[in-house]
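Colleague: Hi! I'm new to reading structures, and I'd like to learn how to look at a ligand site and at charged pairs. Could you walk me through an example?

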Amino acid sequence: MTHPFSVCVYCGSRQGSTPAFVEAARDVGSWIGSRGGQLVYGGGNNGLMGVVADATLAAGGRVVGVIPESLVAREFAKLDCTELHVVDTMHERKRMMAERADAFFALPGGIGTFEELFEVWTWRQLGYHNKPIGLLNCGDYYTPLLGFLEASIGHGFMNREQMNLLRVGVEPAALLEQLVRAVSASAGEADLSRI
Ligand code: AMP
């Protein structure tokens with residue numbers, strides 16, 4: 001491996017309504033690229049996905065895109081990725097993304113982003129991997145969701161230990177630094193063969 005770390009970023013295939021979301025995506029890509037890191041993502045060119053990938057490449061990082069064949073046209077597969085993997089199914093995509101990453105990072109997004117975030121979070125609580133997971137609460141986008149999750153603890157459907165597996169931050173660099181530090185502490189404990 002020639003890169004010091006690999007971060008899987010989940011984010012919207014749209015840009016959202018506020019320039020702050022685009023700026024955050026650009027900051028994430030620049031942070032990864034300027035440290036010689038690797039971005040793993042869904043391989044699309046649209047929305048925040050395209051922004052984060054472009055910023056990573058522009059800053060000198062590697063970009064691994066993984067896209068199902070059926071979405072190549074719809075999500076405008078990014079042909080200038082360092083590696084672009086066109087796979088058969090959505091499940092293959094998500095497995096490859098998880099395997100190629102040392103940590104997971106969610107920016108604002110829609111139901112695809114929610115699904116991917118919750119999936120790696122549930123895999124973590126089941127012990128299928130031990131990779132850190134970060135959620136960027138940019139512009140308070142995720143504040144209602146975090147409130148709902150707290151309510152779920154109150155209703156007895158979640159516990160604090162599960163909640164604490166999700167590292168929440170508002171500043172891209174600070175959250176990425178926290179994740180990359182946590183990677184070295186948990187290295188080598190993943191077993192994704194069970195997903
Ligand atoms: P969204 O956050 O809805 O804009 O989607 C962001 C990304 O999540 C897109 O690349 C989707 O292809 C992807 N995605 C992953 N899993 C799913 C799923 N089960 N349903 C829809 N989109 C998904």
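Colleague: Which pocket does the space taken by the ligand correspond to?

Modeller: Keep in mind that this is a predicted model. Here, the ligand takes up the space of the largest pocket.

Colleague: And which elements give two or more residues to the shell around the ligand?

Modeller: Those are α3 (90-100) and α4 (111-125). Of these, α4 supplies 5 residues, the largest share of the shell.

Colleague: Which residues come nearest to the ligand?

Modeller: There are 16 residues around the ligand, and Ser13, Glu75, Arg93, Gly110 and Thr113 come nearest.

Colleague: How much of the ligand's accessible area does the protein cover?

Modeller: On its own the ligand has 490 Å² of accessible area, and the protein covers 78% of that.

Colleague: Now the charged pairs. How many salt bridges are there?

Modeller: For a salt bridge, you want a side-chain nitrogen of Lys or Arg within 4 Å of a carboxyl oxygen of Asp or Glu. By that rule, the count is 9. One of them pairs Asp54 with Lys78, whose closest N and O atoms are 2.6 Å apart.

Colleague: Why does that pair tie together parts that are 24 residues apart in sequence?

Modeller: Because Asp54 belongs to helix α2 (residues 47-58), while Lys78 is in the loop between β3 (62-68) and β4 (83-87).

How values were computed: Residues numbered from 1 in each chain as written. Predicted model: local features only at pLDDT ≥ 70, side-chain atom pairs only at ≥ 80, totals over all residues. Heavy atoms only, no water. Near = heavy atom within 4 Å. Areas by Shrake-Rupley, 256 points an atom, 1.4 Å probe, with all protein chains shown as cover. 1 Å grid on protein atoms, 1.4 Å probe; cavity = no way out; pocket = protein on both sides within 12 Å on 5 of 7 lines; lining within 4 Å. Sits in = over half its atoms within 2 Å of the grid points. Helix = DSSP H or I, 4+ residues; strand = E, 2+ residues; numbered from the N terminus.
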